[in-house]
Amino acid sequence: MAATLQVLPRLARVPLRPLLLGGSGARLASGMALAEQARQLFENTVGAVLPGPMMHRALSLDPSSGQLKVRDRSFQLRQNLYLVGFGKAVLGMAAAAEELLGQHLVQGVISVPKGIRAAMECTGKQEMLLKPHSRIQVFEGAEDNLPDRDALRAALAIRQLAEGLTADDLLLVLISGGGSALLPAPIPPVTLEEKQTLTKLLAARGATIQELNTIRKALSQLKGGGLAQAAYPAQVISLILSDVIGDPVEVIASGPTVASIHNVQDCLHILNRYGLRAALPRSVKTVLARADSDPRGPHTCGHVLNVIIGSNALALAEAQRQAEALGYRAMVLSAAMQGDVKVVAHFYELLARVAAARLTLPGAGASGEEDGQLHELAAELQLSDLQLEEALEAVAGARGPVCLLAGGEPTVQLQGSGKGGRNQELALRVGAELGRWPLGSVDVLFLSGGTDGKDGPTEAAGAWVTPELVSQATTEGLDVATFLAHNDSHTFFCRFRGGAHLLYTGLTGTNVMDAHLLFLRPR
């Protein structure tokens, strides 16, 4: 098995302005004051996993000896370093890598989302762009995060570079979220369209992401360890920015540098389960029939070092530090928040109620019914890393404001044709839930934002809400329930208070899923 490391952050703290507490006039402005703090804390959360800082934490170069150090491993550079990459954050990762490695880098090829260079230029993020006369060739593709011909050309160029390497060479692989769509290379005679059609059929019949990845890997030249095989016998260092809950390296971008543990029989079992084996295109049958029990060869990638350099958990750890620097009692609940957005919203509403009761009446707690419902929902969500009891104990012992942090990727079941994203939908649902009953003498604010800066097909990263949302919306003639019924959260937030509750960051150049911030401040 390839080695996998987790890079722990040593992050510079960005100073935040302290929040002034108390005073009878403070309550009127408290919502906006908290919102400013929340936005700033979210930006610092994203800042912890920007490509530049992450790459410099992961790599160090001794210019005198030409030794490249990756954590506790050293590699000798002698005009033998090559680079490939694919993903939403890879442009900035590649720019940082080239700046750090300089003339040691011989050649590179990266596959990045269509339009990302223009977007970075428009927002003035020069640090995310390659310098003129860069040795790295850039392909843009996968519009709307879907594999396309441009991404296929990029994948074939990456394969060609990898296949030309020797035992004296070193390949640096940069991987981030969105990498799977940016690295499509079906095994001939399977076409890109045939592979897409099959995965869409599986998804429509309820196949899990693990099952979809098993099929993708079996039909791909580069996924499931295929890129590592193409680069053999060169040494491979894979630096990975995780956008998957739990950071499984075999799942992120479908594991191009991780040997697949599945075989053809696993694929046939999945296809049988969903009634698709008989309807397979002839090309797919050909590829599966000629593969042996392991389509990726030996179950080893011993020449590969996989390193997680950024993740949701690392971003939340920095958010916790920043919140504590502001005077909050901060706790990370979970970096694995997933499940239906309606259930997740109800969980946060109950959490706010239980926490508010413990904060204002230490020892009293919330009603037994609310406490029981909260724990039932927690069990239903099956969050492997949930620190619920620890967080509630911390709240009960707090002497001031509290910030509860979580991250992950809830899902939205589309029922309408409105415009929105999972973060705006979650925030709107939490706001609707919080307004149902009084929360006592506690100011509450909830923020949900996508760390990539783009929530669904909108320009916003997310939104923030308070318990007053529904009543305030009603005075503006906006019915929250109607917008939710049509999955039209973005339209709601654009109209509500002139869009003041929307979170705008622009494309951030990184992606570690979403961040959820829940603030509670006694009045």
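**Entry 1: Val-412**

I looked up Val-412 and found a relative accessibility of 25%, so Val-412 counts as partly exposed. The model I am consulting is a predicted one. I located Val-412 in the loop that connects strand E12 (402-408) with helix H15 (422-434). Leaving aside residues up to four places away in sequence, I listed its contacts as Val-341, Arg-422, Glu-425 and Asn-487. I also checked Val-412 against Asp-452: they are 40 residues apart in sequence, and their C-alpha atoms are 18 Å apart in space.

**Entry 2: Helix H15**

I next examined H15, which has 13 residues. From first C-alpha to last, H15 reaches 18 Å, close to the 18 Å expected at 1.5 Å a residue. How many of its residues are buried? I noted 11 of the 13, and I recorded H15 as mostly covered. Among the buried residues are Leu-426, Ala-427, Leu-428 and Val-430, and also Glu-425, Arg-429 and Glu-433. Glu-425 is also one of the residues that Val-412 touches.

**Entry 3: Helices H12 and H13**

I turned to helix H12 (residues 341-360) and helix H13 (residues 368-381), whose axes come within 9 Å and cross at roughly 140°. I recorded the crossing of H12 past H13 as left-handed. On the H12 side, the residues that meet H13 include Val-343, Phe-347, Leu-350, Val-354 and Arg-358. On the H13 side, I noted Glu-370, Leu-374, Leu-377 and Leu-381 among them. By class, the residues of this contact divide into 10 nonpolar, two polar and five charged.

**Entry 4: Strands E9 and E10**

I checked strand E10 (residues 304-310) for burial: seven of its seven residues are buried. Strand E9 (residues 235-241) runs parallel to E10, and six bridges join the two. Within this pair, I found Ile-240 opposite Ile-308 of E10.

**Entry 5: The sheet E2-E3-E4**

I then traced an open sheet of three strands in the order E2-E3-E4, with antiparallel pairing. Which strands are at the edges? I identified strand E2 (59-62) and strand E4 (73-76), each of which pairs on one side only. The twist from one strand to the next averages 25°. I noted four bridges joining E2 to strand E3 (residues 67-70), and Leu-59 has Val-70 in E3 as its bridge partner. Lastly, I found helix H2 (residues 51-58) lying across E2 and E3, at about 55° to E2.

Definitions and conventions. Residues are numbered from 1 along each chain as its sequence is written. This is a predicted model: local features need pLDDT of at least 70, side-chain atom pairs count only at pLDDT 80 or more; totals for chains, interfaces and linings use all residues. Side-chain values use heavy atoms; hydrogens and water are left out. Buried means under 20% relative accessible area, exposed over 50%, partly exposed in between (1.4 Å probe, protein chains only). Contact means heavy atoms within 4.5 Å. Axes are lines fitted to C-alpha atoms, for helices over the stretch in contact, and angles run from 0 to 180 degrees between N-to-C directions. A crossing is left-handed if the near helix is turned anticlockwise from the far one by less than a right angle, and right-handed if clockwise. Ala, Val, Leu, Ile, Met, Phe, Trp, Tyr, Cys and Pro count as nonpolar, Asp, Glu, Lys and Arg as charged, and the others, Gly among them, as polar. The expected span of a helix is 1.5 Å times one less than its number of residues. Two strands pair if DSSP finds at least two bridges between them.
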